[in-house]
Every structure is written in structure tokens, then in C-alpha cells.
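The sequence and the structure are shown first.

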Protein chains: 2
Amino acid sequence: VVPPVSRPLEDLKVRLAELVDLGRIAVLLQWDQQTKMPPRGSGSRADQRATLGRISHERFVSVEVGRLLEAAEAQPPEEGSDDAELLRLTRRHWEKARRVPTELRVEITRAASLAIPAWTEARERSDYPLLLPHLEQGLELRQRYVECFDGYDEPYDVLLDDFEEGLRTARAREVLGQLRDLLRPLIAALAERADAVDASVLHGRYPAGAQRAFVERLLTGIGFNRDSWRLDVTAHPFASHTGHGDARITTRWDESYLGSGLFAALHEFGHGLYDDGVDPALERTPLGDVTASMALHESQSRLWENVVGRSRSFWCHWYGALRETFPEQLGGTDAEGFYRAVNQVRPSLIRVEADEATYSLHIVLRFELEQELLEGRLSLADLPEAWNAGMLEYLGVEVPDDASGVLQDIHWASGAFGYFPTYALGNVVAGQVWARARGELPDLDEQLAAGDTATLRAWLCNALYRDGRRRPPAKTIERVCGGPMDPKPFVDYLAGKLGEIYGLNGAG
Amino acid sequence: VVPPVSRPLEDLKVRLAELVDLGRIAVLLQWDQQTKMPPRGSGSRADQRATLGRISHERFVSVEVGRLLEAAEAQPPEEGSDDAELLRLTRRHWEKARRVPTELRVEITRAASLAIPAWTEARERSDYPLLLPHLEQGLELRQRYVECFDGYDEPYDVLLDDFEEGLRTARAREVLGQLRDLLRPLIAALAERADAVDASVLHGRYPAGAQRAFVERLLTGIGFNRDSWRLDVTAHPFASHTGHGDARITTRWDESYLGSGLFAALHEFGHGLYDDGVDPALERTPLGDVTASMALHESQSRLWENVVGRSRSFWCHWYGALRETFPEQLGGTDAEGFYRAVNQVRPSLIRVEADEATYSLHIVLRFELEQELLEGRLSLADLPEAWNAGMLEYLGVEVPDDASGVLQDIHWASGAFGYFPTYALGNVVAGQVWARARGELPDLDEQLAAGDTATLRAWLCNALYRDGRRRPPAKTIERVCGGPMDPKPFVDYLAGKLGEIYGLNGAG
């Protein structure tokens with residue numbers, strides 16, 4: 001007997017496919033706003049984004065989707081099947097989305113859309129008061145958002161769940177606390193031998209056009225191609241997945257510092273690779289959406305930016321081409337010297353330009369400030385002061401102006417409170433994924449040194465990318481890392497590499 | 001007594017504002033697809049456009065909009081007011097849209113989205129059979145579209161109405177027939193004196209970068225600015241209005257022919273200026289949409305491209321800057337020589353590069369072929385042959401390959417049957433508008449010669465742009481032209497200019 005066709009599930013999938021389309025259109029509107037849109041278009045764009053957000057939300061939380069969901073659940077698919085997971089997570093998202101009134105969603109979207117140009121201007125002019133009213137509105141909207149929920153241990157849980165599904169703040173605090181405690185002695189030991197590494201070669205005159213030419217050559221060599229990727233320039237680098245075969249990344253060029261554009265491009269490339277590697281069979285389904293765990297997503301950007309992109313074997317292959325591009329600037333530096341330079345550890349002001357060791361401390365500070373803001377223990381008016389105090393405490397650096405301080409990141413302006421911890425968790429996961437990859441690919445170093453990243457990419461695709469969102473994030477992490485999140489492999493990797501470079505343990 | 005607040009009208013306006021937002025998002029998706037999207041993104045983009053089209057259509061033809069419309073009509077606004085016109089045209093659009101099943105709309109959108117990359121490839125390879133199945137699907141969809149309606153005199157009326165609201169095919173045939181009959185003796189007389197104008201200076205080595213630099217300078221000088229405009233490069237130039245303060249135009253650079261990119265940019269600038277000049281008070285209302293009469297829209301592109309852009313006074317000001325950009329290529333030519341060159345009349349293959357006199361014959365051919373295709377009197381398989389025969393008959397030119405023939409335009413690939421006549425009608429209206437402007441601005445020539453286009457722009461804005469779609473197209477044309485469409489002013493203007501240049505009537 002042929003079983004009856006599961007119409008409710010099929011009908012639900014049609015609805016969900018439309019919502020994936022609308023979500024990607026929203027990504028494109030944002031991409032365009034940051035890369036191409038003339039500045040005076042921002043009012044219209046805010047309306048467009050608000051309307052699209054309202055319609056998406058209304059269509060998802062509709063009674064009809066609820067009915068289809070219930071009917072589909074009444075004919076449960078095989079346990080462990082894609083359909084079962086699709087139903088499980090759709091139910092989760094639907095229950096969550098229904099709690100938030102459409103008008104609040106719309107206000108959040110509209111406020112973010114208007115805050116972005118204000119952030120751009122405030123950052124350019126180092127004028128925090130210009131952004132303050134936008135931040136206040138954004139935070140207030142987030143607080144109202146939190147109030148839509150119950151069943152959380154602390155308010156921050158609600159925000160974190162949007163970026164790292166199922167993770168509680170207490171657990172994030174535990175992992176990040178371990179990470180911080182493991183990193184601090186390493187950073188202190190490296191500080192003792194600060195003179196062991198000279199990174200001055202990265203600072204000099206590096207024209208944007210030549211940087212771009214090299215970065216395009218490098219990216220093309222590791223998997224970027226013009227048939228399905230774009231590279232653009234923005235104040236704040238990001239990656240956008242606007243469709244199958246349509247991965248868009250951005251970077252920025254600092255003509256006096258080579259590290260900025262290069263490593264930002266590698267970072268965003270890692271994001272793009274993850275999105276691009278999802279099984280096409282999951283296209284236009286919620287299982288194709290790999291943004292449910294930004295820790296996993298950031299693990300891939302951090303892996304390509306740092307673990308691969310600051311490895312000896314990687315530059316063993318690529319340094320020749322880089323020196324060809326900048327013969328004058330790099331004439332006196334060999335591959336080993338460059339490798340050492342890009343691994344310099346030095347507490348600094350800008351998160352996206354921070355070294356691998358101190359980076360996570362930038363995150364810990366933001367994570368703490370976010371919780372204080374959300375719970376009202378810190379006012380936004382006092383944020384710059386708290387920021388500057390935190391930077392001094394954690395990194396020992398004095399913040400000279402808000403542009404290099406509290407205004408450096410777009411996240412809060414765009415309403416993304418709760419996102420930051422996923423960067424450091426991404427480091428943690430990257431360490432675990434890397435340990436696994438090294439175990440399974442014994443020739444990895446030789447391959448990278450020969451300019452071959454295809455084997456690594458195939459391994460990552462197979463181990464992680466391909467499966468998309470077929471499992472809940474925590475299960476995917478367990479599966480790809482062989483256990484729950486654990487900072488030790490990351491810190492071990494770091495201590496091994498940096499210990500050798502800096503000559504700790506009498507090694508260098 | 002205060003009258004009761006007209007809630008249905010206000011609620012209707014909210015609905016319509018959302019639909020304007022969705023329409024502009026659709027424009028952005030199309031703009032992006034043609035300017036920025038990596039080629040492999042076209043499948044996802046087709047889904048996105050189809051979904052957006054479906055949702056827009058469903059929301060517009062919904063029972064709720066119908067109820068609001070009816071309720072608003074029951075409290076009729078003051079005759080002649082903006083609200084009255086808004087209700088009138090919304091009713092018209094609603095009745096029209098309801099006749100078309102959503103699925104047919106979606107199929108039309110999706111088919112167009114998939115046909116565009118096929119057209120690009122077919123045109124590059126001059127491979128008509130590659131495009132043929134897409135054209136067949138597109139035409140069949142259009143025929144099904146026509147079948148949704150009744151009350152037309154001939155099937156083509158239905159398509160024409162989408163681009164030129166209220167105009168019947170018979171009337172278009174009449175105007176275009178008059179135009180053709182007035183142009184033919186002029187073109188014949190000019191052919192007798194073909195040697196009088198030498199345009200060889202336009203052909204040579206004109207690097208794209210320098211063309212772009214000059215065109216940006218020129219456009220900026222006449223009203224383009226980076227705060228609210230963009231200029232990009234596409235195979236087929238177009239203008240997109242993606243929002244208030246967000247006018248996007250494209251052009252293409254032919255490095256062996258200076259006329260191509262320059263005049264395409266001026267053409268699209270004219271479109272952008274019209275969109276950009278609409279009263280901001282009409283934002284997010286159907287009255288802000290000036291695409292209901294493409295003849296009016298094209299009148300502005302043709303006006304800036306030709307009437308202004310090929311005038312003696314315009315080049316009197318701009319030729320110095322052009323010669324600065326191309327000192328070698330233009331060293332032996334003065335402003336008068338350049339003015340004569342850009343006004344050369346010579347039957348040719350490519351519509352968008354045709355001169356002002358022969359251009360309309362390209363259109364008449366397309367207009368006739370479209371009607372034959374729609375009514376099944378001509379098959380798409382036989383179209384290239386019919387095209388080539390028509391080009392020989394109307395323009396006396398042999399078409400060497402389909403890339404220079406039937407594949408040159410994107411319109412049919414994108415499903416836009418019925419659009420072409422509006423270009424020639426645009427010429428007609430431009431002639432009438434220009435005659436009016438000259439009458440009201442006696443110093444116009446002197447202003448253009450001094451590089452001042454602000455007075456003309458202000459006049460156009462006041463006479464036409466500002467009012468958007470506050471009146472039905474035919475009424476707007478009557479108002480700005482002082483009467484119904486009439487080819488005579490256009491042909492008079494042309495005969496005057498070209499007669500002098502070519503020395504007809506013993507003048508030269």
C-alpha cells in the first residue's frame with residue numbers, strides 16, 4: 001500500500017521556501033545598502049526593509065503556517081530524517097516568532113536601517129553622541145524583545161539564542177571564562193618576549209589597488225571564483241549569502257597597514273565557503289540555513305583567517321606572489337619573517353585587526369558590557385567610559401577616541417546585541433575542528449605549502465558544510481568537534497605556534 | 001462639523017505604500033541581477049523574483065484591498081484632488097490585476113528571470129536558437145496574459161496598455177504611421193547628401209576608462225551626483241528607480257566608437273531625472289509612479305540624449321572638456337565638426353546607436369513584428385528572417401548576424417512585448433515638449449552654451465516631473481504638450497537641424 005502523500009508537509013515546505021526567498025532578498029537589501037546604494041536612498045531603503053520584514057514575519061506566524069505545522073506533525077516523519085528536523089526547528093522558530101508582535105519586528109528593522117548611516121558618520125567623525133539616540137532606541141527595542149519571552153535564566157539568553165540556538169548565557173560565560181583564563185598567562189608570557197617579533201613590515205605604503213589585485217589572486221587560488229562570488233569594499237567587512245551560487249564578501253583597504261584588508265578578506269571568505277558548501281538539496285529549506293549557530297559560522301571565518309591564513313605552510317606558498325606584488329615594501333623580508341610578523345601578539349585597539357591571542361579578550365569585554373546594558377546596570381551614556389576602562393583592564397591599552405573604541409563595530413548600531421560572544425566561541429570551535437582535521441589529514445601542512453587547499457575544503461565540506469542545518473547546532477558541534485565546546489584545543493594550537501615563534505619553553 | 005476621518009482611504013494608502021516598497025525591491029533585484037550578481041546566482045534570483053511577484057500580486061488583488069477600495073469610493077474625495085486620482089487609478093489597476101491569475105504572473109516573472117542570462121549568452125555568441133525556447137515560452141505566457149482580458153480592439157492593446165496606459169494600438173499605429181511618412185522623405189533627402197557629414201571622428205580608439213571619466217564629469221555637470229545617483233556598466237543600458245534619492249543608470253563602453261556609451265548615459269540620465277524630479281510628497285503612493293506612460297518617460301530620455309545632447313549649444317560648452325579627455329583622437333576636430341558628426345544620419349543596424357532620424361524606423365519594424373508574433377501571423381522560428389527582411393526594407397541595411405539583428409535588444413527576452421512603440425512615441429512627445437520649452441525659455445540656447453542646464457531642468461520639473469502620476473497619461477501629455485500626440489513638432493525640429501547641417505534647401 002502506497003502511503004498517503006504528506007500534503008501538509010509539502011504545503012508547509014512551499015511556505016518555508018518563500019520565506020527563504022524573502023530572507024535572502026532582505027540580505028540583498030542590506031548588502032546593497034552597505035556597498036552600492038547612494039546615501040540619500042537610506043530613507044526609502046528603511047521603508048523597504050521594514051515592509052519586507054513585516055510581510056515575512058506575518059507570513060511565518062500566520063494561522064495557516066500553524067495549521068500546516070500541526071497537520072504535518074500529526075503524520076510524524078521518520079525519526080532522525082531531514083523532514084523530522086525540519087518540523088522540529090520550524091516548530092521552535094514559529095513558537096519563538098509568534099511571541100514577537102509584528103510591529104516590534106518592524107520597528108527593530110527600521111531602527112537598524114536608519115542607525116547604520118548614523119553609525120558610519122559617527123565613526124568617521126568619532127562622534128558618539130551622534131549615535132547615542134540610535135543606540136538607545138535599539139537597546140530599548142531589544143529590551144522589549146526580551147520581554148516577549150519567558151523561560152530564560154537571564155535576559156541575555158533570549159538574544160544569544162538568536163545567534164547561537166540553544167546556548168544559555170551561563171554556559172557561554174563558562175566557556176569564555178575558561179578561554180580567558182587559559183589565554184591570560186599565555187599573553188603575559190608573550191608580553192615578556194614582546195621584542196622577539198617585529199611586525200613593522202606590515203606597516204608602510206600599501207596601495208589599495210595592489211592589495212586588491214593580490215587578494216583577488218589569493219582568494220581565487222583558494223576557491224573564490226567570479227561565477228559565484230563577489231568581493232566589494234565596505235567600512236565594516238561582512239559576508240552575505242544572497243542565493244545559491246551567489247556568495248558576496250567585502251573587505252576594506254588600509255593603505256598604511258597590509259594586514260587589515262588581507263585578513264578581513266580571508267575571514268569573510270571562510271563565511272562564504274561555509275554558505276556555499278551547503279548541499280544544494282537543502283536549497284530553499286530551513287535546513288539550508290547555517291546561521292543558527294554563529295559559533296560554527298565564525299569557526300570557519302576564524303579558521304581561514306587565522307588557523308590557515310596565519311600558518312607557516314600557507315605563506316610558504318603565497319609569500320612569493322605577495323612579494324611580487326610589493327617588491328619594494330617586502331624586499332627585505334622572507335617568508336619566515338612575514339609568517340612571524342602576521343603572528344605578532346600585541347594588545348591593540350581594533351577587534352577586527354587584533355591578533356589571535358588577544359582577540360578573544362576584545363570579545364569578553366563586549367560580552368560583559370552587553371549584559372550590563374541589557375540588564376540596565378550600565379547606561380548607554382556611560383558606555384564609552386566603561387569601554388575605555390575595560391580595554392585598559394583586559395588589554396592594557398588606552399583608547400584615544402571613540403572611533404577606535406566603542407564606535408568601531410557596527411553590531412550594536414544594527415541592533416545585534418548578543419552576537420559578539422559567537423566570535424570567541426568561533427575561535428574555540430575552530431581550534432577543535434582544526435585538531436580533528438589535522439588528525440584526519442596527515443599531509444595537511446604539505447598540501448597548504450603546495451598551495452593546495454582543495455583537500456582541506458573537501459574535508460570541511462564533508463564534515464560540516466554539506467549538512468547545513470540538518471542537526472541542532474549543539475549536535476553539529478559535538479559531531480564535528482568530537483565533544484562539546486572546549487577551549488583547550490584552540491589554546492594548545494595557539495601556545496604551540498606562538499611558543500615556537502616567541503621562543504617560549506626555550507624553543508625559539 | 002468635522003467630517004469623519006476617511007479611514008478606508010488611509011488604510012488603503014498603507015497597503016499601497018507597501019506595494020510601492022515591494023515594487024522597488026523588485027526593481028533592485030533586477031538591477032542587481034544585471035549589474036552585480038555572479039552569474040551562478042540566477043536560479044536563486046529567479047525564485048526570489050517569482051516569490052516577490054507572487055506576494056505583491058496576491059496582496060494587491062486581495063479581497064481586503066477590494067473592500068478598502070469600495071469603502072473609500074463610498075466617501076468620494078473632492079473631484080480633481082490627488083486622492084480622487086489615486087482612487088481612480090487604483091480601481092483601474094486592481095480590476096486589471098485581478099484578471100491575471102497569480103500563477104501566470106509568477107510564471108511570467110520567473111521565465112523572464114531565466115531568459116535574461118540566456119539572452120546575454122545568445123547575444124554574445126550570436127546564437128538565436130539558444131534564446132528561441134525562452135522567447136517561445138515568454139510569448140506563449142504573454143498570449144495567455146492577453147486572454148485574461150476582454151474589451152480590447154486587438155490583442156496588442158492589452159500589452160500596450162501596460163506601458164502606455166489608455167493608448168489603443170490603432171492610435172499608436174496612426175501616430176507612428178504619420179511619423180514614418182514624415183520621416184521617410186527627410187531621410188531620403190539626407191541620403192542624397194550623405195557625404196555632407198563626416199562622422200569618422202567618433203570611430204577610433206576610445207579607452208573605456210577615459211570615456212567613463214568624461215561621462216561622469218558631464219553627468220555631474222548636468223545634475224547627476226553621487227549622493228543620490230549611481231552609474232554602472234551593463235550589456236543593455238537601463239535606468240532603475242530603486243527609491244527616493246536612489247536613481248541608478250547604466251551604460252556600456254564601446255572602445256572603438258565614442259557615441260555608444262556617451263549617448264546611452266545621457267538617455268538613461270533623462271529617465272533618472274524624471275523619476276528623481278517627482279514631488280517627494282507623492283513618495284510611496286501610486287501617484288509617484290511615472291511609469292504609466294513610457295512615452296512620457298522616453299520623451300525625457302530622448303530629450304536629454306538627442307534634443308539637448310546633440311545640440312550645437314550643448315557641445316559648444318562641453319566639447320572643450322571632451323577634447324581635453326581625448327586630445328589625440330579629437331585634435332583635428334572642432335566643436336562644430338563634432339556637432340555635425342553626432343548628427344550624422346545613416347541607416348544602421350543597432351537601434352540604441354541609431355541616429356535621431358532613422359531611429360523611429362527601427363521601432364516601427366519592431367512594433368509591426370510584435371503584433372504579428374502576438375497574433376500568430378509570424379512564428380518565432382521565422383523571426384530572424386522577418387527581422388532581416390524588415391531591416392532591408394525600412395533601412396536598406398543587410399543584417400550580417402543575429403547579434404546585430406534580432407538579438408540586440410533585451411526586451412523580448414524579458415517578456416516586454418508592447419514596450420517598443422513607446423520609444424518612438426517618446427521622440428514625438430520630446431519634440432512637442434521641446435517646442436514648448438523653447439517658447440517659454442527664450443534664452444535656452446545661450447544657457448546650454450554656457451553649460452547651464454539648471455533652468456531647463458527646473459522648467460521640466462515644474463511642467464512635468466514634479467506632478468508624477470497626478471493625472472492620466474493622456475491628460476499629462478495634453479497638458480505638457482498643449483495637445484494630443486503629434487509627430488509634426490518632432491519632425492520640424494529634426495528637419496530644421498538636419499536641413500542646416502546637410503545643406504538641404506540650399507542652407508548649408
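## The interface between the chains

In this predicted model, 19 residue pairs are in polar contact between chain B and chain A, both members of each pair being at pLDDT 80 or more. On the side of chain B that touches chain A, the elements giving two or more residues are helix H1 (7-35), helix H2 (42-60), strand E1 (229-233), strand E2 (239-243) and strand E3 (246-251) of chain B. The most is given by H2(B), with ten residues. By residue class, this side of chain B comprises 18 charged, eleven nonpolar and nine polar residues.

In terms of contact, 38 residues of chain B meet 38 residues of chain A. About 3200 Å² is buried between the two chains, and carbon and sulfur atoms give 54% of that area. Three residues, Pro38(B), Arg40(B) and Gln48(B), supply 18% of the area that chain B buries against chain A, more than any other three residues.

## Salt bridges across the interface

Ten salt bridges are counted between chain B and chain A. One of them joins Glu58(B) to Arg59(A), with the closest N and O atoms 4.0 Å apart.

A further salt bridge is formed by the side chains of Asp47(B) and Arg284(A), at 3.6 Å from N to O. This pair crosses between chains: Asp47(B) belongs to helix H2 of chain B, whereas Arg284(A) is in the loop between helix H10 (258-276) and helix H11 (294-308) of chain A. Arg284(A), at 23%, is partly exposed.

## Salt bridges within the chains

Over all chains, the structure holds 113 salt bridges. Side chains of opposite charge can pair when their charged atoms come close. Within chain B, Glu64(B) forms a salt bridge with Arg15(B), the closest N and O atoms being 2.8 Å apart. Because Glu64(B) lies in helix H3 (residues 63-73) and Arg15(B) in helix H1 of chain B, this pair ties together parts that are 49 residues apart in sequence. Glu64(B) is partly exposed, with a relative accessible area of 37%, and Arg15(B) is also partly exposed, at 22%.

Another salt bridge in chain B pairs the side chains of Arg168(B) and Asp153(B), at 3.3 Å from N to O. Arg168(B) is in the loop between helix H7 (156-163) and helix H8 (169-192), and Asp153(B) is in the loop between helix H6 (128-147) and H7, so the bridge links parts that are 15 residues apart in sequence. Arg168(B) counts as partly exposed at 36% relative accessibility, while Asp153(B) is exposed at 59%. In chain A, salt bridges with shared partners join Glu85(A), Arg88(A), Arg92(A), Lys96(A), Asp161(A), Asp162(A), Glu165(A) and Arg469(A) into one network.

## Helix H2 of chain A

H2(A) is mostly covered, since 16 of its 19 residues are buried.

## A buried glutamine in chain B

Gln211(B) is located in helix H9 (residues 208-222) of chain B. With a relative accessibility of 2%, Gln211(B) counts as buried. When residues up to four places away in sequence are left out, Gln211(B) touches Tyr206(B), Trp253(B), Asp254(B), Glu255(B), Tyr257(B), Leu258(B), Gly261(B) and Phe326(B).

## Positive phi angles

Most residues other than glycine have a negative phi. Ser126(A) has a positive phi, near 50°. Ser126(A) is placed in the loop between helix H5 (102-125) and helix H6 (128-147) of chain A, and is partly exposed, with a relative accessible area of 25%.

In chain B, phi of Ser126(B) is likewise positive and near 50°. Ser126(B) sits in the loop between helix H5 (102-125) and H6 of chain B. Its relative accessible area is 27%, and Ser126(B) is partly exposed.

Methods: Residues numbered from 1 in each chain as written. Chains lettered and ligands numbered in written order. Predicted model: local features only at pLDDT ≥ 70, side-chain atom pairs only at ≥ 80, totals over all residues. Heavy atoms only, no water. Contact = heavy atoms within 4.5 Å. Buried area = accessible area lost by both parts, 1.4 Å probe. Polar contact = N/O pair within 3.5 Å; in protein donor to acceptor, adjacent residues only side chain to side chain. Helix = DSSP H or I, 4+ residues; strand = E, 2+ residues; numbered from the N terminus. Nonpolar A, V, L, I, M, F, W, Y, C, P; charged D, E, K, R; others polar. Buried < 20%, exposed > 50% of the residue type's maximum accessible area, 1.4 Å probe, protein only.
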